[in-house]
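I opened my notebook to record what I looked up in this structure, entry by entry. I kept the sequence and the model side by side while I wrote.

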2 protein chains.
Amino acid sequence: MYETSVEDRLQRAALSLFAQDGFDGTSVRAITGAAGANLGAVTYYFGSKRALYETVFEIEILPFREAVAEIGRGPGTPLERLERIVQTFFEYLHEHPALPRLILQEMATSADLPEGPRRALVSNHGTIAAVIAEGQREGSIRDGDPRLMALSIGSQPIMLALMRTVLARAVDIDQSDSTTRADLTESVSAFVMAGLRRDS
Amino acid sequence: MYETSVEDRLQRAALSLFAQDGFDGTSVRAITGAAGANLGAVTYYFGSKRALYETVFEIEILPFREAVAEIGRGPGTPLERLERIVQTFFEYLHEHPALPRLILQEMATSADLPEGPRRALVSNHGTIAAVIAEGQREGSIRDGDPRLMALSIGSQPIMLALMRTVLARAVDIDQSDSTTRADLTESVSAFVMAGLRRDS
């Protein structure tokens with residue numbers, strides 16, 4: 001039988017509690033209680049609640065940054081890679097539902113992002129802008145500032161992940177339904193491809 | 001000299017405090033203190049802190065919904081009207097900086113929106129989808145589900161308003177600079193127009 005370590009259990013409990021109640025709304029006692037650890041375990045293993053929070057956020061977001069960077073330098077035309085990046089945004093944010101919650105909590109309570117998500121934002125934005133610039137050089141992508149055009153791409157899947165519940169309730173577009181999710185991913189992909197492509 | 005009413009002062013104080021500290025983070029005492037009113041004034045004039053919050057949110061968002069609806073049924077081709085709607089999103093969210101803060105606070109702490117913003121979302125989404133459908137019928141806008149395509153349009157300016165501070169710090173795109181803001185509005189407008197237009 002597989003026995004998880006105390007650190008693993010603390011991280012898992014912290015991720016779910018921070019995503020649900022935010023950093024301020026989550027007590028060390030709630031985390032250690034949910035992890036079945038003693039009250040001193042957060043300090044012992046991570047130093048502080050803040051350090052645990054940043055560790056958990058970094059672990060949750062690092063593979064996202066790596067996946068986008070890998071597509072950016074991978075095979076395929078610039079437009080093909082950008083389409084895969086859009087799909088990766090949707091898939092990753094769906095498979096890691098705590099991540100949009102953490103981002104939302106963070107943006108609502110603080111003006112700045114912790115180091116992990118900040119580096120992911122800088123890296124993903126830079127990757128997308130670089131692929132756009134590459135497509136402009138080879139003539140497949142229309143003119144425009146690649147750093148601003150990159151924001152048009154990233155903002156759609158992130159906003160739609162953040163608004164998941166609100167959209168389901170207000171306009172009956174429910175991303176927990178896999179067909180709706182596939183249709184929405186396809187719609188945003190098509191919008192982004194049309195938004196980027198140079199008229200031939 | 002112009003003398004503001006107690007209700008006005010309470011609403012103004014409440015708007016700024018709710019935007020800054022959220023609903024839970026704002027006490028009735030803080031609101032009445034900032035408004036120079038007595039502690040019972042919130043209950044007397046609005047019934048409850050919650051009712052004051054919903055009033056303030058509704059007042060802040062109602063002209064936005066009305067402006068978008070008016071453009072939707074106004075003159076111009078469907079693409080022209082959609083371009084004006086994108087510009088209105090940017091302008092309104094810039095001129096009402098409390099609004100993205102309120103939306104963010106609300107999305108972070110609750111699964112649902114209060115009545116005012118909920119109706120604004122339903123109305124703006126419906127307006128954009130209807131203008132897209134009109135453009136599809138006349139042949140100027142490419143095929144696709146108008147209700148999903150509408151999300152691609154609305155999500156960009158809202159996300160960029162929500163991420164204002166984060167983007168300025170992380171990727172040095174600072175919307176408090178009017179040239180940058182104009183460039184970003186123009187970039188998103190061009191992206192949306194290219195994303196919608198049927199290839200001729």
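**Ground rules.** I note that this is a predicted model, in which local features need pLDDT of at least 70 and side-chain atom pairs count only at pLDDT 80 or more, while totals for chains, interfaces and linings use all residues. Residues are numbered from 1 along each chain as its sequence is written, and chains are lettered from A and ligands numbered from 1 in the order in which they are written.

**Interface.** I then looked up contacts, which are pairs of residues whose C-beta atoms, placed from the backbone, lie within 7 Å. There are 41 residues of chain A in contact with 41 residues of chain B. On the side of chain A that touches chain B, α8(A) gives the largest share, 11 residues. By class, that side has 24 nonpolar, 10 polar and seven charged residues. I also note that 100% of the interface residues of chain A are interface residues in chain B too, so the copies meet through the same surface.

**Helix α10(A).** This helix runs over residues 178-196 of chain A and reaches 27 Å from its first C-alpha to its last, close to the 27 Å expected at 1.5 Å a residue (1.5 Å times one less than the number of residues). Among its buried residues are A:Leu184, A:Phe191 and A:Gly195, where buried means that 20 or more other C-beta atoms lie within 10 Å of a residue's own, with C-beta atoms placed from the backbone. The buried residues of α10(A) pack against helices of both chains, including α5 of chain A and α10 of chain B.

**Helix α2(B).** Here I found B:Ile31, B:Thr32 and B:Ala35 buried. They cover an arc of only 90 degrees around the axis, which puts them on the same side of α2(B) (the arc is that of the directions from the helix axis to the C-beta atoms). The buried residues of α2(B) pack against α1 and α3 of chain B.

Key
Helix = DSSP H or I, 4+ residues; strand = E, 2+ residues; numbered from the N terminus. Buried ≥ 20, exposed ≤ 12 C-beta atoms within 10 Å, placed from the backbone. Contact = placed C-beta atoms within 7 Å. Nonpolar A, V, L, I, M, F, W, Y, C, P; charged D, E, K, R; others polar.
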